[in-house]
Amino acid sequence: MNMKHLALTFCALVTALALTACGSAPQSTASTASGADSAAVSASVSAPSASQSEAAADDYHNYTFEFTVPEGFAEADAAAIGADELYQAEDGSNINVVITADDGSLASDVTQDMLVPVLEQAFTEQLGEDITLENVSFSNDDIAGCPAYRLSYTLNVSGLTMTQTVLGLNGDNIYTITFTDMTGSWADTFEQTIAGITAVPA
């Protein structure tokens, strides 16, 4: 299995989990949009103005998100992995975006214990070897003023070590953005991209 194929396998697994992760969180009593259609996250070439970079804490469901696709990443076939957007580098590293309808759950209610065992089991079943996530870090800090979670980890597969960071965000829909670094070359770039995520009116 080459690195690009392995990377897309990880994308597909995290994509599938994204469809259920927020749904497994406790239901929030906060008002949510009903019957919202999926809206594409736009990859902007310049950041929005500061006045529109952060959502009001009680009004997050009226926002979508923008981020700048890093240099070296090109748009790829997202449908192949069940994502809404996919950007890939030559080394197989990638960023994918999954958008699901708002079901009333909050990303900020998701916990590390909800995600890690499910990911380890999915990776183990898909890849045919015991997978343990290492260097796990988790937080529920807001992103761009919206409820969010962030899960980062490294994993070793067949002698290859890679890092993934998964973001879950509440906006007009539920957004899951996954950053996969296949070579260890993109850590700073991904951090800059994450820091530049902005909320804009939907």
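Which residues are exposed on the other side of helix 3? The model is a predicted one, and in it D188, Q192 and A195 are the exposed residues on that side of helix 3. The buried residues of helix 3, by contrast, are F190, T193 and I194; because they cover an arc of only 100 degrees around the axis, they lie on the same side of the helix. An α-helix has 3.6 residues a turn, so residues three or four places apart point the same way. The buried residues of helix 3 pack against strand 2 (63–67), strand 5, strand 7, strand 8 and strand 9.

The sheet itself is open and consists of seven strands in the order 3-4-5-9-8-7-6, with antiparallel pairing. Its edges are strand 3 (74–75) and strand 6 (134–139), each of which pairs on one side only. Within the sheet, strand 4 (residues 85–88) and strand 5 (residues 94–100) run antiparallel and are joined by four bridges, and L86 has N96 in strand 5 as its bridge partner. Helix 3 packs on this sheet, where it touches strand 5, strand 7, strand 8 and strand 9 (174–181), and its direction makes about 165 degrees with that of strand 9. Helix 2 (residues 112–127) lies across strand 6, strand 7 and strand 8 (160–170), and runs at about 35 degrees to strand 7.

The structure holds one salt bridge, formed by E191 and R150, whose closest N and O atoms are 2.4 Å apart. This pair links distant parts of the chain, since E191 belongs to helix 3 (residues 187–195) and R150 to strand 7 (residues 148–157), 41 residues apart.

In the loop between strand 5 and helix 2 lies S108, which, neighbours within four places in sequence left aside, is in contact with N140, P147, A148 and N170.

How values were computed. Residues numbered from 1 in each chain as written. Predicted model: local features only at pLDDT ≥ 70, side-chain atom pairs only at ≥ 80, totals over all residues. Heavy atoms only, no water. Salt bridge = Lys/Arg side-chain N within 4 Å of Asp/Glu carboxyl O. Helix = DSSP H or I, 4+ residues; strand = E, 2+ residues; numbered from the N terminus. Pairing = 2+ DSSP bridges. Contact = heavy atoms within 4.5 Å. Axes fitted to C-alpha atoms, helices over the stretch in contact; angles between N-to-C directions. Buried < 20%, exposed > 50% of the residue type's maximum accessible area, 1.4 Å probe, protein only. Arc of directions from axis to C-beta.
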